[in-house]
Amino acid sequence: MTGGIEMIKVRDLYHSYNNNEQYAVKNVSFEIAKGEIFGFLGPSGAGKSTTQKILIGLLPLQKGNVTVDGADVRKSSRELFDSIGVSFERPNVYKKLTGVENLKFYSEMFGVPTEDPLKLLKMVGLEDAAHKKAGEYSKGMLQRLVFARSMINNPKIWFLDEPTSGLDPNTTSMIKSIIREKQKQGTTIFLTTHNMHIAEELCDRVAFITNGEISAIDSPRSLKLSFGERLVAVEYIEDGKSKKETLSMVDAGQKQRLNDLITRCKVETMHTQEATLEEIFIKITGKELK
Amino acid sequence: MKRLFGLLKKDALVAFRNYFFLIMLIAAFLLIIAADFLIPEKASMDAKVLYTTEGQQSDKAKLLLGMLESEEGAKRADSKAQIIDSMKKDKNTIGIVVRQQNGEPAVEILLQGYENEKSKRALALSFGAALNPQNVDYSSIEDVVLQQSTGINDIPLNKSFVPLMIFVEPVMLGFIFLATLIFMEKEEGTIKAYLVSPIRIGEYLISKVVVMLLLALISTILITSFTVGLQVNWLLLLLTVAAGSIFGSTLAMFIASLFDSLSKAMVWLIVTSLVLTVPMAAYFVPSFSPRAVTIMPTYNLLFAIREAIFPSGSSMIIYQNIGGLLAMSIILYGASTLIYKRSLLRD
């Protein structure tokens, strides 16, 4: 953890949909500090959504302890939701209402000062479609509308479920910059995704979850340092021919081979290579992200 | 209150954009047209009687003929053949042929064939009594009239349909509208978004009941004003309709809480609405009142609406109806809130 005030604390969390020993989430523990972006990474059906639903009160807490903004979710009042924002993966808006109406009516549910709907729509590039019915929006526009709605109450804790899923690169970049900006303002962000690139770029720490269990929690950099093999890709000319080799920076024999190449051959390019977070995930969990 | 008001505005707009208000207005308009212009003010349900004589008639027979002549709706025909011909053309006609047989008057009754045994016996008895009045002891027959001026029988036929219209449109349409609204939101998933805001599920549901109530009251005011006029007990009428609408809405809500899609709930919604409308049969045929029908909440509701529009002095039925429906609505509302919460959390 990065230190500071704990905004979310989960201890020994278990959940079974059938109320038996078949747990969708088992023995899950983690903490998230104020202002931290915490990535919850795993393939579909790993237990990401179940954990998030328990944190936001859409699933009952069966076993374990969960506190959100200092409040035990078992005993928390509805007013806790004044400080929470949730962006769902599946767009769930009123199709017969316009974008601005969807945000306006939603803003009236909160007991705290809320953002101007038009300002939020502008932030996500929907200002021109603000007065169009949501039923006329494309999937990407609906995704952005849901994302904008989740910011309406200026949440202290922001739950984002696959916020860039199905978005084009430009929109993805816009969403990422909004997330970073919110972090700067002190918002704590719980990011559920199976997109490792997004997680790598945005998250201070990530948790890998498969089969309902967390197998690693750390910053992307520490995970790479701990589990990734540092490599060097070398392109060189030998006996008049262009050749390419990838050598380990850890293995003594391969380090010697690199020295040989540098002294004997004409090295054209040389790049250090880091393992990607996805490769680390596969290495740790033995599963691919799908 | 701010939250509830926000929900109300949202639900009213969603209902408006889904043409609920328009459908309600069109239906009210059609019902008003039907009551004012299509249904006649009077329609006789009594059978027409055609009678004729064959041969010479005795004094006794003349007595019977005199009685028939004075009967409203009875007409003399030239022959039995003419009666049969007329009966074939009008299925609501019966025939009587009076003739002499062995020096005594005899009556032949011509029926359509669908009359029941009771009716046949009653006819035979009445002719017997007319021919032999000395055999009937009228002194032992006493008429007791409980309410001299109920006015129920004076209601024009077209206006007597108005309570039925109010029952069908504001109350039953609310039942269908509310179920549609809830399933639409279930399919859109919007309730999940609202569940992660400070609102309570009870507030979320009650706002829909209020919107349906609003629709019901507008519809009732329109139908009543343009059919029977403004001279009704508005307070009792609107309270009765409000109780009926709340009951219809909470029942629809309860059914909707048990299913996750409209297609799965459809059979139950149709069966329930059919069952709820069975008391409509008892409205025009009061003798059709088996216990299974009279215990239904809509039975009392129907008669309570009539009592509010055409007062007969039995206002107790209105208060009993309002109390009963509201008590059931509270139970249905509580149950559906609980089930709704659980079913949502299961998804």
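Guide: Let's start in chain A, where Cys265(A) is buried because its relative accessible area is 11% (buried is under 20%, exposed over 50%, partly exposed in between, with a 1.4 Å probe and protein chains only). This is a predicted model, where local features need pLDDT of at least 70 and side-chain atom pairs pLDDT 80 or more, while totals for chains, interfaces and linings use all residues. Residues are numbered from 1 along each chain as written, chains are lettered from A and ligands numbered from 1 in written order, and side-chain values use heavy atoms, without hydrogens and water.

Cys203(A) counts as buried too, because its relative accessibility is 7%. Over all chains, the search finds zero disulfides (cysteine sulfur pairs within 2.5 Å).

Now look at where chain A meets chain B: 32 residues of chain A and 27 of chain B are in contact, meaning heavy atoms within 4.5 Å. Together the two chains bury about 2,800 Å², 58% of it on carbon and sulfur atoms; buried area is the accessible area (1.4 Å probe) lost on being put together, summed over both parts.

Four salt bridges link the chains (a side-chain nitrogen of Lys or Arg within 4 Å of a carboxyl oxygen of Asp or Glu). One of them pairs Arg17(B) with Glu101(A), at 2.9 Å from N to O. On the side of chain B that touches chain A, α1 (2–17), α7 (162–188) and α8 (190–195) each supply at least two residues; helices are DSSP runs (H or I) of at least four residues, strands (E) of at least two, numbered from the N terminus. The largest share, nine residues, comes from α1(B).
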